[in-house]
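Please look through the model below before reading the notes. They are meant for someone who has not seen it before.

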Amino acid sequence: MTSKRNAWTAAGLGLLTAAGLVLTAPGASADGQPTARELLDKCDNGTDSCVFHPSGPPEEHTGDGHQVGEAAFNCTGDLQRSTVNWSDTTGESNSFGVSLSAEYGFSEVFKVSIETSYQHTWESSHTEGQATNVDVRPGEKGWVERAPRMQKVHGTYEMHFPDKFYDHYIWYQDFDADGPVPGSTGDITQHTAPMTDQERAEHCG
């Protein structure tokens, strides 16, 4: 948790203690505190209200580039154009390693909040595929790489309980998630390089 968030939580504690409400933001299991996952599992499953507050719109960025499809090897003496057919699936990640595609209360709250606040749809998984041409010179190999477009979200769950849960009525839990941008192909690039002796022996006989 950032120092800014700590300061904000401390201010909330000071303001709400008089009203009998205590705010806290547990990140791990401790005496008298639930684990983060235990807390999230209570979202819309024992709470009066559970809301996800994004700290801002999804931040788009380019994911790690990686090879897709099989490499093409040119064992002839002429320039060869090879077609690489590929399919690539990009998944999500988040601060607690849980799937937002599952029917958890907190996952629905998260997705609805992002769509309502910023008109961004959240996808837990996106599959993209196509046929990409690669021009490979004699004695070289060619391959295709894809770097998916991703969207990162930061925010906080706010949960209100009808009865005290671990001695508090209100809990806050920070949450970060990173997932594929819906409908985005990403950056597709073609690469070539000389074959190694081992590759030449394996593919050119």
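The points below go from model confidence to the pairing of the strands.

1. This is a predicted model. The protein chain has a mean pLDDT of 85, with 84% of its residues at 70 or more. Residues 1-29 should be read with this in mind: pLDDT stays under 50 there, and the model has 38 contacts beyond four places in sequence for this stretch.

2. Isoleucine 188 in β10 stands opposite arginine 146.

3. Strand β8 (residues 149-165) is joined to β1 (residues 49-54) by 6 bridges, and the two run antiparallel. Here valine 51 has glutamate 158 of β8 as its bridge partner. Strand β2 (residues 59-62) also pairs with β8, in the antiparallel sense and over 4 bridges. For glutamate 60, the bridge partner in β8 is glutamine 151.

4. What does β8 form with β9 (residues 168-180)? The two strands pair in the antiparallel sense over 12 bridges, and valine 153 has alanine 177 in β9 as its bridge partner. The hairpin of β8 and β9 has 2 residues between the strands, and tyrosine 166 in this hairpin takes a positive phi near 50°.

Note on methods: Residues are numbered from 1 along each chain as its sequence is written. This is a predicted model: local features need pLDDT of at least 70, side-chain atom pairs count only at pLDDT 80 or more; totals for chains, interfaces and linings use all residues. Side-chain values use heavy atoms; hydrogens and water are left out. pLDDT is the predictor's confidence in each residue, from 0 to 100. Contact means heavy atoms within 4.5 Å. Two strands pair if DSSP finds at least two bridges between them.
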